[in-house]
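The sequence and structure are shown first.

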Amino acid sequence: MVSRVIPVEVFDLVIFGGTGDLARRKILPGLYRRFLAGQMTGDSRIIGAARAEMDDAAFRKTVAEALEEFVPEKHRDPATVRDFLSRLHYVAIDAKGEGGWSALKALMRPDVVQAFYFSVAPALFGDLALRLKSHGIAGEEARIVVEKPFGRDLATARALNTTLAQHFEERQIYRIDHYLGKETVQNLMAVRFANILFEPLWKSEYIDHVQITVAETVGVEGRGAYYDKSGAMRDMVQNHIMQLLCLIAMEPPYHFDPDAVRDEKLKVIRALDPVAPEDIVRGQYLAGGGQGSYLDHSENPTSRTESYIAMKVHISNWRWKGTPFYLRTGKRLRARASEIAITFREPPHSIFDDAKGWRENVLVIRLQPDEGMNLMVMIKEPGPGGMRLMQVPLDMTFADALGAEHAETPDAYERLIMDVIRGNQTLFMRGDEVEAAWAWTDPIIGGWEARGDKPQGYDPGTSGPEDALMLMHRDGRRWRDIR
Ligand code: NAD
């Protein structure tokens with residue numbers, strides 16, 4: 001399945017919330033794929049811990065069902081699945097009470113890597129951290145993995161950081177943002193820092209603007225109550241899109257080392273200007289295509305939560321002064337597409353009389369679907385009849401470029417969990433980064449709440465509200481099509 005596998009040490013991984021949706025859909029199938037790849041070294045084990053009373057056999061059965069649902073049949077050889085399931089254990093535990101903790105302690109081995117994945121509601125993170133310590137379960141080298149959302153504003157994020165810091169050192173805390181585990185996102189760093197080609201042009205002198213798009217076709221069905229307290233700004237911009245922006249905009253770190261990379265990302269967040277209200281468009285999807293509107297799925301019939309946001313952002317530093325970053329994300333849009341597009345400026349002088357066919361160079365980094373990169377370049381239109389220009393893509397769809405051997409790259413979660421086992425925090429957010437991101441986000445959200453701004457309605461299956469188009473048109477630019 002995967003060509004090159006770097007061994008990791010033997011581990012005990014405890015998944016708090018091991019029976020939950022995220023564990024079933026992502027964490028456990030991801031671990032199974034790592035097992036297939038040979039990375040569950042020696043007698044490494046996975047211990048599910050959740051509130052439901054069940055024994056190992058019952059937990060193994062629920063995991064077997066999850067694998068059937070989320071792992072393609074061709075990868076589920078019965079003997080291999082059985083072998084994987086034999087490494088699973090279960091402890092019924094209550095994060096808020098004392099039940100189950102001594103059973104967990106008895107199960108854990110002190111001489112292997114210990115990791116604790118908090119795949120439960122954030123309100124329980126503090127309780128888990130406290131009890132892992134008070135019951136003497138987590139050692140000095142143990143790692144905890146914390147899911148999103150990490151707070152809902154600066155105050156709550158700071159409180160959570162303070163709580164976790166009472167029990168664990170920063171080097172033990174892995175705040176997950178699964179976008180950082182995506183192959184293409186890491187490739188962004190490889191492309192920037194392992195080639196001489198791009199870096200000299202990577203500044204406002206040569207880059208006109210950057211667009212970051214995360215478009216979804218799904219709505220909030222089933223998650224209405226959760227989403228209504230969050231909205232696109234908190235759910236997508238403050239974390240995932242901000243992380244992408246940091247990787248594009250950061251200075252070259254002196255080394256590919258966790259703190260060197262995170263120091264540079266932090267500087268970008270701190271250099272973000274406040275965003276003017278006229279540079280933000282918020283939207284909420286209407287009913288259409290046989291589907292209900294946002295409000296139909298919300299528990300609050302007058303909700304002003306945005307399911308779409310577009311904004312123009314400036315970074316005040318030498319590299320980026322004068323290059324806007326346009327960010328947008330939304331639900332119920334025309335297509336599911338995530339991409340970063342870096343649009344370069346015009347050459348300083350055109351030597352061609354007929355520059356009609358001329359277009360800007362654009363470097364497009366696609367996160368989904370079809371991870372890959374495209375560099376749009378100008379060439380001569382083939383054939384006689386003088387020099388006419390046309391734009392063509394230099395296409396690097398990774399699946400095509402790398403061949404079948406790499407066709408199935410590891411899912412973000414499996415890569416990140418293995419980084420936890422290896423003790424590598426590069427692709428995890430540091431506490432100060434998260435706080436800086438909230439410090440920038442808070443006044444933006446506070447502004448529209450204070451003004452009582454209402455999001456604009458937009459039709460499902462479109463590219464979002466009309467005003468979002470205007471946000472770029474008025475600058476003489478346009479969004480790339482969502483396809
Ligand atoms: P879920 O509601 O499906 O599962 C919650 C799990 O927590 C269950 O296993 C439950 O038994 C356990 N639990 C609840 N109360 C407990 C207690 N007092 N003590 C011990 N265990 C308890 O939730 P989920 O969707 O799996 O989400 C888990 C975490 O992951 C949340 O922080 C969520 O925000 C985050 N997250 C989820 C997704 C997703 O796609 N589901 C995506 C990103 C982040």
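## Interface between the domains

The area buried between domain 1 and domain 2 is about 1200 Å², of which 66% comes from carbon and sulfur atoms; buried area here is the accessible area (1.4 Å probe) that two parts lose on being put together, summed over both. Lys26, Arg34 and Arg143 supply 33% of the area that domain 1 buries against domain 2, more than any other three residues.

By an automatic or database domain assignment, domain 1 spans 11–147 and domain 2 spans 180–421 + 429–473. Their centres, taken over C-alpha atoms, are 33 Å apart, and 18 residues of domain 1 are in contact (heavy atoms within 4.5 Å) with nine residues of domain 2.

## Basis of the model

The model is predicted, with local features requiring pLDDT of at least 70 and side-chain atom pairs counted only at pLDDT 80 or more, whereas totals for chains, interfaces and linings use all residues. Residues are numbered from 1 along each chain as its sequence is written, and side-chain values use heavy atoms, leaving out hydrogens and water.

## Ligand surroundings

The ligand is surrounded by 18 residues, each with a heavy atom within 4 Å of it; the closest are Thr19, Asp21, Arg25, Ala95 and Val120.

Polar contacts are pairs of N or O atoms within 3.5 Å. A polar side-chain atom of Arg25 lies 2.4 Å from an oxygen atom of the ligand, and a polar side-chain atom of Thr19 lies 2.7 Å from a ligand oxygen atom.

Note on methods:
A polar contact is a pair of N or O atoms within 3.5 Å; within protein, one must be able to donate a hydrogen and the other to accept it, and residues adjacent in sequence count only if both atoms are side-chain atoms.
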